[in-house]
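Please read the following points with the structure open beside you.

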Amino acid sequence: MNDAIPKIRLRGLCKSFGTKLVLDGIDLDIAPGTSMVVIGGSGSGKSVLLKCILGLIEPDTGTIEIDGVDLLHQDRRGRDETRSRIGMLFQNGALFDSLPVWENVAFGLLAQNRCTRAEAHAKASEVLAQVGLAPNVGDMSPSELSGGMQKRVGLARAIAAQPDILFFDEPTTGLDPIMGAVIDGLIVDCVKRLGSTAVAITHDMASARRIGDRAAMLFKGRIVWQGPATDLMHTGNPMVDQFTHGEREGPIQMELRK
Amino acid sequence: MNGLLDAMALIGRTLFGACLAAGRLVLFAISGISHVVRPPFYGRMFLRAFIEIGYFSLPVVALTAVFTGMVLALQSSTGLSRFSADSAVASLVVLSVTRELGPVLAGLMVAGRVGAAIAAEIGTMRVTDQIDALSTLSTNPMKYLVAPRLLAGLIALPLLVVVADILGVLGGFIIATVKLGFNSELYLANTLNFIQTDDVVSGLAKAAVFGVLITLMGCYQGYNSKGGAQGVGAATTSAVVAASVLILAFDYVLTELFFAR
Ligand SMILES: Nc1ncnc2c1ncn2[C@@H]1O[C@H](COP(=O)(O)OP(=O)(O)OP(=O)(O)O)[C@@H](O)[C@H]1O
Ligand SMILES: [Mg+2]
């Protein structure tokens, strides 16, 4: 694969809901085999950005290229094929509550007819173990799990089919610090071992530095800063510094309403 | 002048909105039905929907049918005995049940039970991103969620109506023989004399259409619900109301088609 072609390339991506402009011309390149951390205030459009790339939300204008192929102008089959290479952890888990946990995890494998049900069950237990869940969790229903456990099942489901691209929408929110670090390690591992490209949204700066090679900050629908994740705490950009240090005073004014 | 323009604009917008909604529903239906006949097929989902619609609706449909048959026998006997046409009771019961009341009442009961459940389930999946999650896992949600339910409705409703027909006639038979003192052999002979294949078949055809309507409205409303728990609640209500109205409207259209020759 040519390293000069970014894995994901966004140009001028815009999306508004009604009169509300959520994405206002996003330009972003993500190199193959790297992981990009996206930070930004609540409601700044991070989840919408991922959903646009996944094709769950149609952007108004702009281009989305994966491996140099323009997704929005591809035929349907090609799009579906490209998208089946992306694994996604949704912010709220989005587990199928009518299926047991193991079937959730193995869903992608079964849908692609890559293995029998017995094999899928075994594979699911294996992936569940990787995210620190006991094998008996596999036979429970998602509604019987705690929020953090659901998050880990969501993570297991996203990585089970070993996709080429991984999206994580707040992978460690709601986990205790140790489990958070384990999950971060797992994400790093996936990226390094499988050679996947990852995009992770997070509010946790420690986790951002652990998983990210690069970081970008989204503010009011635009990328206001991007650079190496190690620089996150001292970027020299007043907006990013205010955000990463969690200061009340600064260029970003929170709109608080009573 | 301005008021008039405003009123016209409002009417225009309402009409436009209604056409748009109808168009969307038709497109949704076409897409859903086209997925019924194209692989991959989700047998498990079909089976689940079939059991939910067919098997678990049996008690409700059965009770409705028995009582309807009983009421029909009672009502017609009090109305008809004045003309000493007691034998007409048997024919009236069997014709009303097979042609009209079996399919329509079963349809309405199932709409309340199943239409609501489908809309609530798919609606919850929508607002919790589960439908989005399906498409990221190489699964077309129309194929996985909608098509199996449409097919299950199409097959399960006629089967339910067969049961409803039998029990409706049985209800009438019980009242006629036990309470009204009809001769049971004569009543049965009359019933069998009057019933024709057309009556039963037309009733079952109606049922199949109703089955699709019920599941279609449940899926459509659920699939397009937004705005959390409240949105799902609204979708559930709309699904039941729309399915019930459509059942009665299509009942008229189909009756016209079958019998107005
Ligand atoms: N389907 C939708 N319809 C209308 N508005 C939407 C929709 N999805 C998102 N939005 C709006 O887009 C904005 C960005 O939402 P998004 O979920 O991307 O935020 P976020 O950056 O992920 O925030 P958080 O960190 O809290 O998850 C929000 O203001 C939200 O109201
Ligand atoms: Mg979000």
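1. Helix α2 (residues 43–55) of chain B is the main contributor to the nonpolar patch, giving 3 residues. B:Leu47 is found in this helix. The patch covers about 480 Å² and is made by B:Leu47, B:Ile51, B:Tyr55, B:Phe56 and B:Leu58. Patch residues have over 30% relative accessible area and no salt bridge, with nonpolar side chains (Val, Leu, Ile, Met, Phe, Trp, Tyr) joined within 5 Å. A salt bridge is a side-chain nitrogen of Lys or Arg within 4 Å of a carboxyl oxygen of Asp or Glu.

2. This is a predicted model, in which local features need pLDDT of at least 70 and side-chain atom pairs count only at pLDDT 80 or more, while totals for chains, interfaces and linings use all residues. Residues are numbered from 1 along each chain as its sequence is written, chains are lettered from A and ligands numbered from 1 in the order written, and side-chain values use heavy atoms, without hydrogens and water.

3. Chain B has 9 helices and 0 strands (DSSP runs: helices H or I, at least four residues; strands E, at least two). Of its 261 residues, 44% count as buried (under 20% relative accessible area, 1.4 Å probe, protein chains only).

4. A:Ser47 lies in helix α1 (residues 46–54) of chain A and A:Gln91 in the loop between β6 (86–89) and α3 (101–105) of chain A, so the pair ties together parts 44 residues apart in sequence.

Methods. Patches are made of residues with over 30% relative accessible area and no salt bridge: like charges are joined within 9 Å, nonpolar side chains (Val, Leu, Ile, Met, Phe, Trp, Tyr) within 5 Å. Accessible areas come from the Shrake-Rupley method with a 1.4 Å probe; for residues, only the protein chains shown count as cover. Buried means under 20% relative accessible area, exposed over 50%, partly exposed in between (1.4 Å probe, protein chains only).
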